[in-house]
Protein chains: 2
Amino acid sequence: MISLTSRVQCLNAVEIFCDLSVEELAVISKRAPVRHLDSKTIIYSPEQLGEVLFMVNEGQVQIYHLAPDGQMITVAILESGTLFGEMAILGQSLYGNYAQTMTPAILCTMSVEDVKNILLTDLRISNRFLEALGKRLLAMQQHVSILTFKLMPQRVASLLLQMSDSGRIREIRCTHETLATMVGANRETVTKILNEFRTQNLIEQYRGRVVILDPTRLAAFENS
Amino acid sequence: MISLTSRVQCLNAVEIFCDLSVEELAVISKRAPVRHLDSKTIIYSPEQLGEVLFMVNEGQVQIYHLAPDGQMITVAILESGTLFGEMAILGQSLYGNYAQTMTPAILCTMSVEDVKNILLTDLRISNRFLEALGKRLLAMQQHVSILTFKLMPQRVASLLLQMSDSGRIREIRCTHETLATMVGANRETVTKILNEFRTQNLIEQYRGRVVILDPTRLAAFENS
DNA sequence: TCAAAAGTGTGTGCTGGATCACAGTTTGCC
DNA sequence: GGCAAACTGTGATCCAGCACACACTTTTGA
């Protein structure tokens with residue numbers, strides 16, 4: 001059993017709860033068990049629902065979508081401090097959506113009812129929640145516009161910037177394969193593009209990691 | 001000045017308010033002026049904000065996005081009974097987003113503050129609102145997965161089905177050009193694809209209109 | 001009423017990326 | 001330690017869809 005303190009810390013790391021006091025967090029924490037998961041555990045799948053809101057406290061979680069033909073689309077890679085599963089609260093069944101740990105991870109989980117109760121009773125949280133949704137919607141819209149018209153190199157540049165929070169985080173822990181499933185490319189194409197970026201000193205590459213060297217020039221390239 | 005009754009009808013047509021009584025609608029209506037607009041009027045642009053929530057009562061409204069390079073992406077074509085502008089309420093500035101009437105149109109408009117007041121006071125509406133957001137998010141996600149991996153003919157089939165509400169509405173009033181900006185194709189490609197669909201008796205074509213003949217086969221084709 | 005503009009049909013290159021087919025290198029694991 | 005699996009690098013081939021070019025038809029609006 002994990003201490004309440006650590007649970008509170010878990011919740012605190014999530015932006016949605018950021019303006020609650022420690023006491024208030026403690027109340028919520030009681031209803032939010034912490035789970036330690038191995039790498040490659042499936043957290044969420046179309047079959048097993050149940051608990052629905054997850055908060056990543058440590059590790060990486062991949063949200064992906066399997067098309068009927070088996071094609072995989074990575075929707076997002078979540079790092080610690082982020083929340084997911086909101087869709088279920090919105091009453092939407094995400095047919096074909098999965099969440100899976102990419103590394104060993106620590107998560108807080110909450111049930112739909114609890115979340116709904118909290119949302120309905122606390123205005124600050126419901127506002128944060130709406131904000132988070134708005135951000136998500138905005139990000140998706142940008143993603144759509146990139147997918148719609150940009151060429152692959154621009155898409156990759158755009159993805160790298162987005163994942164690095166516009167260059168604020170330097171290191172992106174991701175394989176070429178994973179990046180490929182996010183921009184709708186195949187692995188080889190991504191490899192070639194990243195090598196091109198490297199020869200231009202925009203990035204550095206290591207196995208499973210990309211380090212952004214020059215976000216400014218990368219951004220300039222993105223819009224070209 | 002338009003009568004209050006007609007305003008109430010306007011609101012009533014919008015799903016978000018569907019479970020309110022006539023009296024309750026009347027209260028909201030007082031704060032929701034109706035506007036009659038000519039075709040091709042810009043309703044919403046990055047420059048002029050102000051009023052933000054719009055409900056389409058009659059006519060068609062195009063929501064689009066202009067990329068920095070001038071490329072236009074049509075996000076949606078709104079018909080009567082739909083609501084848009086939610087993003088502003090979520091505190092997101094939709095940089096580069098526009099809304100424009102495609103036909104003469106009748107709209108109800110509401111200010112951000114009014115909407116926020118209503119949202120915060122009425123649980124039924126705020127739930128509907130969340131629901132609507134969820135649907136939007138879901139639709140965008142589907143759109144992303146289509147853009148990511150499907151070939152053009154499948155994309156077009158998918159778009160036609162989506163716009164026709166899976167075949168329930170038969171007629172889609174849209175030019176090839178507009179359809180093209182929604183799937184990320186160019187106009188000529190869309191023309192060729194639609195002609196192919198016609199020779200297979202999946203659709204009928206007229207100037208500025210596509211009529212769905214066989215939604216079932218179209219759906220089968222979409223996932224292939 | 002009669003341009004001009006908007007919408008559609010069709011053909012000919014060209015090219016960005018997919019696909020396939022490898023080889024080399026690093027990591028994890030028994 | 002050593003094998004298998006995962007990750008990366010790189011070429012050859014092929015084709016979906018873009019860009020451009022132009023003809024034709026319908027609608028719009030001074």
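Two strands pair if DSSP finds at least two bridges between them. Helices (H or I, at least four residues) and strands (E, at least two) are DSSP runs, numbered from the N terminus.

This is a predicted model: local features need pLDDT of at least 70, side-chain atom pairs count only at pLDDT 80 or more, and totals for chains, interfaces and linings use all residues. Residues are numbered from 1 along each chain as its sequence is written, and chains are lettered from A and ligands numbered from 1 in the order in which they are written.

**Sheet in chain B**

In β7(B), Q100(B) is the bridge partner of I42(B). Two bridges join β2(B) to β7 (residues 97–101) of chain B, and these strands run antiparallel. They belong to an open sheet of four strands in chain B, in the order β2-β7-β4-β5, with antiparallel pairing. β2 (42–44) and β5 (72–78) of chain B stand at the edges; each has a single partner strand, so one side of each lacks a neighbour in the sheet. On average, neighbouring strands of this sheet are turned by 30 degrees against each other, direction ignored. The angles refer to axes, which are lines fitted to C-alpha atoms; they run from 0 to 180 degrees between N-to-C directions.

**Interface and symmetry**

Contact means that the C-beta atoms of two residues, placed from the backbone, lie within 7 Å. By that criterion, 30 residues of chain A are in contact with 31 residues of chain B. On the chain A side, β5 (72–78) and α5 (123–149) each supply at least two residues. α5(A) gives the most, with 17 residues. The side of chain A that touches chain B divides as follows.

| Class (definition) | Residues of chain A |
|---|---|
| Nonpolar (Ala, Val, Leu, Ile, Met, Phe, Trp, Tyr, Cys, Pro) | 16 residues |
| Polar (the others, Gly among them) | 11 residues |

A rotation of 180 degrees with 0.0 Å of shift along its axis superposes chain A on chain B, at RMSD 0.1 Å. The two copies are thus related as by a two-fold rotation axis.

**Q60(A)**

Q60(A) sits in the loop between β3 (53–58) and β4 (61–66) of chain A. Q60(A) is partly exposed, because 18 other C-beta atoms lie within 10 Å (20 or more would be buried, 12 or fewer exposed). Beyond its neighbours within four places in sequence, Q60(A) has contacts including I77(A), L78(A), M102(A) and R173(A). P33(A) is 27 residues away along the chain, and its C-alpha atom is separated from that of Q60(A) by 18 Å.

Notes
Copies are superposed by least squares on the C-alpha atoms of residues with pLDDT of at least 70 in both.
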